[in-house]
Amino acid sequence: MYLKRREFIRLSGITMAGSVFIPPLLQSCNRIPVSNDAGAYLDHFEVSPEQLHKVINTAMEKGADYADLFFEHTVTNTAALQDNKVNSAYSDIQYGVGIRVLKGEQTGFAYSEDTSQEAMLQAARTAANIADSNSPQKELKIREFQPPSFYSIITPWEEVSIKEKVPYMTSLNEKIFSGDSRVNKVNISMNDSSSFILFYNSEGLMTWDYRPMTYLAARTIMEENGRIENTSVSRSYRKGFEFLTEDLIDGLAKEAINETSLLFKAGKPRAGEMEVVMGPGRSGILLHEAMGHSFEADFNRKKTSIFSDKMGQKIAADFITIVDDGTLPNDRGALNVDDEGIMSQRTVLVNNGLLTSYIHDRISAKYYDVNPTGNGRRQDFRNVPIPRMRSTYMENGPHEKEEIIASVKRGIYVDNFSNGQVNIGPGDFTFFVKFGYLIENGKLTTPIKDVNIIGNGPQALADITMVANDLQFSDGTWNCGKDGQSVPVSLGLPTVKIKKLTVGGLNA
Amino acid sequence: MDKNAKYKIADYVIKSALKNGASQVAVAINDNSSRRIEIREQKIDRLQESIGNSLSVDFYVDRKFSSHSTNLLKDKELEKFVKEAIEATKYLSEDEFRYLPEEELYYKGGAEDLRTIDPDIIKIDSKTKIDLARQVENEVFGTDERIVSVTSTYMDQVSHMILADSNGFRGESDNSYAGLVAEVSVKGDTGRPSDYWVEYDIFYDKLVKTGIGEKALERTLRKLNPKKIKSGKYNLIVDNMVAATLLSPFISALFGSSLYQKNSFLDGKINTKVASDKLSFIDDPLIISGLSSRHFDNEGLKAIKRTVVEKGFLRNYFINTYYGRKLDLPPTSGNISNIIFQNGTLDQNGLLKSVNKAILVTGFNGGNCNGATGDFSYGIEGFLVQNGEIIHPVSEMNITGNMNDFWNTLAAVGNDPYPYNSMQTPSLLFENTDVSGM
């Protein structure tokens, strides 16, 4: 089935996966000297600098401008609790190398699940076909780049057995059940993954990364007088086993009970346009959908984005600054180095209301003649890198949250979402509200739930009339989808007011 | 990797697992190859080829269960993989319902070939595929000054799978497809709408190869300069290409896992009326050359054609053996295959002319459905229709309701099932849906 390309975000529900499996490190033998770190990654993938160079030369043999190799070995584990017991576990191992060749804006790509020289050369020849002339072989020059460390960890997941995770899962289950007599079922999933990445390109750049990721999620089902409500809560970070603490469990259990309880009191609002106040934290979904995707430079380079002729223009109020940041410590959206070997950074997209930067990969940065922003990301070695967000948030503004709510005569307040989406060309974006409140005469009144909100990106950005000074980040398990590729991201927002959005609801 | 090589690996894993303490084991091995060519502005924008293998294994260690997958398939790697997986499984709690399917439920082989693979797809040379993609772009490239981007894509895939377990089940399936897609963006006064058209077939020779760019452009141009209309209750005619979005939550509510987790608004509703009498559909896995046809499902269960909804009455759930045991319900299958509707008599145009005023919904934008309650809300785009005529495009609006009520407002079903989706939905007419706009 062909699926229309849509850009979306969603919070992971319960997905499943126990064991860990890392190939033994080989002893480095005689070869071109590299640092210990580089050597360890080369050994991990059982390759030598000479082999990589040979593969790159083959990839470039038909006259390409550029080629890169992206080696990945990812081990993912999930344990699942159902019916008060941790009674299923899942794991996945993915290993291979993606070979990409660029000629101008054109891309040739192939991957191999086998890192033997023969298999890599075959994939390189396939990818090389994007170009159609010939180019001289280059001398081997390695320029190592030791990336910074934005996600240092204490205990890597490879050293943790499922036995050590089980007590945290059962504790969370017990705390949710003991917190409210209406709790009927609880499903918990505990996921961790470790990725080993080695990167080498035709410029001689060699870099590497070790990427931990974990989440703990609970879905709580409550029943009251025959009515059933449920909520999923989760926390996700680039952390090791130290992620699991009693505080984490307590916080998740409280959130699960509070948020599910509120749903019993909630109904649907009246349909139509109204003022919308977005609470701090999870409301960052607004930036992700309404602006973030439209700022991705591939859409602008291809002129399909509604922001493609707006660079340098005033698109929001003076007090609005929007950032995409890969440097937040242990954040789900953090990257030490992107998937094209570019160092991560904090990129200001909108500065005091002016559009200052798109979100770039190597292709678009070259096209626009700017420096890449470290946003070239890929789901895995089977996919090509494209411009993607990391952690996207708005800086604090001049207003107070109370002042903002008090300024609304008739509208809604929302801060809990399950998913969102955008149509890049028209700029229409949506997010699905799990829970919120009506605002009537400056006060939060009746709870609301399960409504979609739709707006137009540039209009909504221009319609943000107030921004509070209470920026919060969401540490939920946000996954962003684009071109069939899913990558982990995070988001944040201070409380903001938008003059007008269309709220799903009922008609009298 | 040929079939025998796959069975050899499967047999090795089963033997090794049983030797290392597993009581039962099931192994699936898949290999696939795919090609993708994208053309943009008369040039190849992306040329992509993939060849991959994967192995997944379900381990039952007494009544403890875990499932593991890997793409590292060498013997030495597999031995370690199996040992470590079994060790990890021992730390789990027992689950009395975890064991392989009962003997009588399995597909036993020997049935008619479902013809789900075109072995010749891999013989088509690259130049032919590139030329095809170029031809799709050439249909519209430069033909209208409002066009800002045209991308055309040729794609194909061939995959082979085997499933084997320690009960002695062995089954294999082979699948292929070739497809052509055009995506067009145009510039209007208020935005840059885009749309697409796709053709798709199991067999390369049967693939429709012309008209794709033209249809994509036509679909895109008609969306220029949309207006938002007033909130209210409207009839909805939902285009066959997108109607599956509304059927998906209904289907999700029929899965054993949803029923067991109390995440189904259709729980306890078997043989009761859940929709208007216009709704009838079956799940038919045995259609010759159906896109989702199969002789057995992912557990090896024999594929059977079943009625799901009959004149609004719910007749069957989708239950795998595990949730069947937990819910004390007979297993059907835990996966859908081809969902086939009882068609109506009118095409989409006929449906448009059958109502005074309606919104023709041609796209959804986000939204979701609460599986437990059936409460839904989705963003929509499409066209305002009056007296059977399309008046203007509409966008930036939502529909909101509850699935239990909504399917009871189904007033007519089109005769135009969309062939390129497992859920082959025709165009659907719903009455009096809550729409929020201005």
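Chain A is divided into domain 1 (13–263) and domain 2 (272–503), with bounds that come from an automatic or database domain assignment. This is a predicted model, in which local features need pLDDT of at least 70, side-chain atom pairs count only at pLDDT 80 or more, and totals for chains, interfaces and linings use all residues. Residues are numbered from 1 along each chain as its sequence is written, while chains are lettered from A and ligands numbered from 1 in the order in which they are written.

Colleague: How many residues does domain 1 of chain A give to the contact with domain 2 of chain A?

Modeller: Two residues are in contact if their C-beta atoms, placed from the backbone, lie within 7 Å. The C-alpha centres of the two domains of chain A lie 25 Å apart. Domain 2 of chain A gives 27 residues to the contact, and domain 1 of chain A gives 37.

Colleague: How many residues on that side of domain 1 of chain A are nonpolar?

Modeller: Ala, Val, Leu, Ile, Met, Phe, Trp, Tyr, Cys and Pro count as nonpolar; Asp, Glu, Lys and Arg count as charged; the others, Gly among them, count as polar. The side of domain 1 of chain A that touches domain 2 of chain A has nine charged residues and 10 polar ones. Its nonpolar residues number 18.

Colleague: Why is chain A as compact as a globular protein of its length?

Modeller: Chain A has 10 helices and 23 strands. Helices (H or I, at least four residues) and strands (E, at least two) are DSSP runs, numbered from the N terminus. The radius of gyration is taken over C-alpha atoms, and the globule rule is 2.2 Å times the number of residues to the power 0.38. For 508 residues that rule gives 23 Å, and chain A is as compact as a globular protein of that length because its radius of gyration is close to this, at 24 Å.

Colleague: How many residues of helix α6 of chain A are buried?

Modeller: A residue is buried if 20 or more other C-beta atoms lie within 10 Å of its own, exposed if 12 or fewer, and partly exposed in between; C-beta atoms are placed from the backbone. Of the 508 residues of chain A, 60% count as buried. Helix α6 (residues 285–295) of chain A is largely enclosed by the rest of the structure, because its buried residues number 11 of the 11.

Colleague: Which strand gives the largest share of the side of chain B that touches chain A?

Modeller: Chain A puts 74 residues into the contact and chain B puts in 70. On chain B, the largest share is 10 residues, from strand β2 (residues 43–61).

Colleague: Which residue of β3(B) is the bridge partner of Asp92(A)?

Modeller: Two strands pair if DSSP finds at least two bridges between them. Strand β3 (residues 85–103) of chain A and strand β3 (residues 64–70) of chain B run parallel, joined by six bridges. In β3(B), the partner of Asp92(A) is Ser69(B).

Colleague: Which are the edge strands of the open sheet in chain B?

Modeller: The sheet has five strands with mixed pairing, in the order β10-β9-β8-β11-β16. Inside that order, β8 (residues 281–283) and β11 (residues 339–341) of chain B run antiparallel, joined by three bridges. Each edge strand pairs on one side only: these are β10 (313–314) and β16 (423–424) of chain B.
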